[in-house]
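Here is a short report on one protein chain. Look at the sequence and the model first, then read on.

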Amino acid sequence: MVGGGLLTLPWGFIQSGMFTGVFLSLTIGLACAYTASLVVRHRGDNIDMTQLVENYLGTTASRLTLIGMVLTLTGASFGYFILLMDTTFDLVKVRRSLSM
């Protein structure tokens, strides 16, 4: 997941401006660090994030968490698939030009 974010980070900074980009990056980073500390602190017998959310926030929040996780992974998979297709297309194009 880090790879896809690193590829789009420069574009996001250009679109939002330097001040807004730095502010949002720090804000999101602090939110992620806080969430990670809560997960570690309250983990107990919970196996994964959805069980932790269900114990503290209920079934509806757990289902929303699961949907969010699935959508995030699906988006990342599409991004990597597009990157793989573009790379493969360029490699095939180079191979064809070398064989002629």
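G29 counts as partly exposed, because its relative accessibility is 37%. G29 is found in helix 2. S16 sits 13 residues away from G29 along the chain, and their C-alpha atoms are separated by 17 Å.

A word on the source: this is a predicted model, where local features need pLDDT of at least 70, side-chain atom pairs count only at pLDDT 80 or more, and totals for chains, interfaces and linings use all residues. Residues are numbered from 1 along each chain as its sequence is written, and side-chain values use heavy atoms, with hydrogens and water left out.

**The whole chain**

The protein has four helices and zero strands. Its pattern along the sequence reads α-α-α-α. Helices (H or I, at least four residues) and strands (E, at least two) are DSSP runs, numbered from the N terminus.

How does the radius of gyration of the protein compare with that of a compact globule of 100 residues? The protein has 20 Å, whereas such a globule would have a value near 13 Å. The radius is taken over C-alpha atoms, and the globule rule is 2.2 Å times the number of residues to the power 0.38. Along the principal axes, the C-alpha atoms fill a box of roughly 65 × 35 × 20 Å.

Of the 100 residues in the protein, 7% are buried. The accessible surface comes to about 8400 Å². Carbon and sulfur atoms account for 73% of that surface. Accessible areas come from the Shrake-Rupley method with a 1.4 Å probe; for residues, only the protein chains shown count as cover.

**A patch on the surface**

F23 lies in helix 2, which spans residues 18-41. F23 also belongs to a nonpolar surface patch, together with F19, L24 and I28. The four share about 470 Å² of accessible area. Patches are made of residues with over 30% relative accessible area and no salt bridge; like charges are joined within 9 Å, and nonpolar side chains (Val, Leu, Ile, Met, Phe, Trp, Tyr) within 5 Å. A salt bridge is a side-chain nitrogen of Lys or Arg within 4 Å of a carboxyl oxygen of Asp or Glu.

**Helix 3 and what covers it**

Which residues of helix 3 (residues 49-57) are buried? They include T50, L52 and V53. These residues lie on the same side of helix 3, because they cover an arc of only 160 degrees around the axis. The arc is that of the directions from the helix axis to the C-beta atoms. Helix 2 and helix 4 are among what covers the buried residues of helix 3. After helix 3 comes G58, with a positive phi near 105 degrees.

T50 lies in helix 3. T50 counts as buried because its relative accessibility is 11%. Not counting residues up to four places away in sequence, T50 touches S62, T65, L66 and M69. Contact means heavy atoms within 4.5 Å.

S62 lies in helix 4 (residues 59-99). Is S62 buried or exposed? S62 is buried, because its relative accessible area is 8%. Apart from its neighbours within four places in sequence, S62 is in contact with T50, V53 and E54.

**Along helix 4**

Helix 4 also holds R63, V70 and F89. R63 is exposed, because its relative accessible area is 58%. V70 counts as partly exposed, because its relative accessibility is 46%. F89 counts as exposed, because its relative accessibility is 55%.

The table pairs each of these residues with another place in the chain.

| Pair | Apart in sequence | C-alpha to C-alpha |
|---|---|---|
| R63 and L6 | 57 residues | 28 Å |
| V70 and S25 | 45 residues | 23 Å |
| F89 and G21 | 68 residues | 33 Å |

Note on methods. Buried < 20%, exposed > 50% of the residue type's maximum accessible area, 1.4 Å probe, protein only.
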